[in-house]
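Dear colleague,

Please find below the structure for your review. I would be grateful if you could read the notes that follow alongside it.

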Amino acid sequence: MGSVIHLSRAPVGRNSSSGRGDRPRDGGTALVLGGGGITGAAYHLGVLNAMNAMSVRATVNDFDLYVGTSGGAVIASCLANGITPEDLILANIGHPSAKFPGMGADEIMQPDRRGLMRSMVRWPLGVIGALRRYAGHPFTTRLIDGLGALAEGLPPALYTTDGTERYLRRLFEEPGRSNEFGGTRRKLLITATELDTARRVVFGEEDSPTATIADAAAASIAIPLLYAPRQVGNHDYMDGGLRSTTNIEVAIAHGAKLVVCINPLVPYVHDVRHMLPSATGLPARYLSQKGFPHIAAQAFRIMAQSQVEKELEVVTHAHPDVDIVLVEPRRDDEHLFVFNLMDYGSRERIARHAFESVAIDLVTRFPEYEKVLGRHRIKIDRDALVEQLRSIVEGWEPRFLGAAHDQLAGRSGLAEGADAAPSS
């Protein structure tokens, strides 16, 4: 019998406590990274660094399989290539010790100029179509009907994923890395949704369409209306999260017996007794008072969470021998909800917050976590994570910001009576 550990929440699903379920297990280990836009990717990095902080030997770069969806596809493709989460976050916050440049906002948000040019040709035809419709049915045509005809002349999206593809291609063409699915250090799978057939495609599988890793990741992050569909071969693809924001069953289908899934997208449960900050400067008591962006975000999060819950219910019954660790933000964590999914400037704050909040949950529920991972011969150390949390409380930087060795040296110096002080 397997276990489901749902971090940031009370345990759910089945949970074995003795007998055969506690014996060491053979089978692959998989890291599944769900979608969530730019802020979701930052959440991934914070969580992954917290997981590394309690590792004894293995790290998050040592899973047998990586499954990435949407923003998680970018992180997963880097991990499978041996790039550490520490290196990723240092690069993306522009830290002086970064080993490579981060992805710029202009690369993530590259305007869809080709789509705009095509719309300039199609728009007049849409106007003619709307007028023709009104002339034929003047008493039954409503404003929404005319807008529908005009909308067909609009660009497919605001941005294109070309910049992301170029960045990843350059990154993976460095020595020791690969832009081909068969060339990564660990097995990698990336999900996307084919636009015309609505079917899920898993790039990296034997019968999947031919694509580079950078192209597949660019297709997986193509959020509808925000990004234009990504053409790979003769087909158009959109966000892999449209069918499932996590795709846990893909990892299980490839033999994983331990699945660690990070899902940044959860709905926010707001206590109306407390006010919410807003961009207008006016506090809001209800989510509806924060306007369209937050209403749309909450609706999207609710639908995404419904998919995950249904998927988890199915796989836990169909595969009772698989252990699943699901890491999600707390439902009442307003620190994450106040940022929109594509907030580029919030990456460091979200990564820091994810590290601290998940680290506390890992320490609090360490026995459960240790028990499940122990069945898969993975050793972890609670004290190492507690030490990092204590350092943060005392004013030191988290280890993933590259100051771990200086911190330890400073702490030793203080213990010995030397003059030492935390860096500002």
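Predicted model: local features only at pLDDT ≥ 70, side-chain atom pairs only at ≥ 80, totals over all residues.

Residues are numbered from 1 along each chain as its sequence is written, and side-chain values use heavy atoms, with hydrogens and water left out.

Overall make-up. The protein chain has 15 helices and 11 strands, taken as DSSP runs numbered from the N terminus (helices H or I, at least four residues; strands E, at least two). Of its 424 residues, 50% are buried, that is, under 20% relative accessible area with a 1.4 Å probe, protein chains only. Among contacts (heavy atoms within 4.5 Å) with a separation of 6 or more, 73% join residues 24 or more positions apart.

Cavities. There are 3 cavities of 30 Å³ or more. A cavity is a set of points on a 1 Å grid over the protein atoms alone where a 1.4 Å probe fits but cannot get out, and its lining residues have an atom within 4 Å of a point. Grid points are joined across faces, edges and corners, and a volume is the space filled by probe spheres set on the points.

The largest cavity has a volume of about 410 Å³. It is lined by 26 residues, of which Ile 38, Ala 41, Val 74, Met 103 and Ile 108 are the closest to its centre. Helix H1 (37-53) gives the most to this lining, with 5 residues. The lining comprises 20 nonpolar, 5 polar and 1 charged residues; here Ala, Val, Leu, Ile, Met, Phe, Trp, Tyr, Cys and Pro count as nonpolar, Asp, Glu, Lys and Arg as charged, and the others, Gly among them, as polar.

The second largest cavity has a volume of about 140 Å³. Pro 264, Arg 301, Pro 329, Leu 336 and Phe 337 are the closest to its centre among its 18 lining residues. H1 again gives the most, with 3 residues.

Nonpolar cores. A nonpolar core is a set of buried Ala, Val, Leu, Ile, Met, Phe, Trp, Tyr and Cys residues joined through side-chain atoms within 4.5 Å. The largest has 77 residues, and Tyr 43 is one of those that touch the most other members. H1 supplies the largest share of this core, 10 residues. Beyond its neighbours within four places in sequence, Tyr 43 is in contact with residues including Ile 262, Pro 264 and Leu 336.

Yours sincerely

Notes: 1 Å grid on protein atoms, 1.4 Å probe; cavity = no way out; pocket = protein on both sides within 12 Å on 5 of 7 lines; lining within 4 Å.
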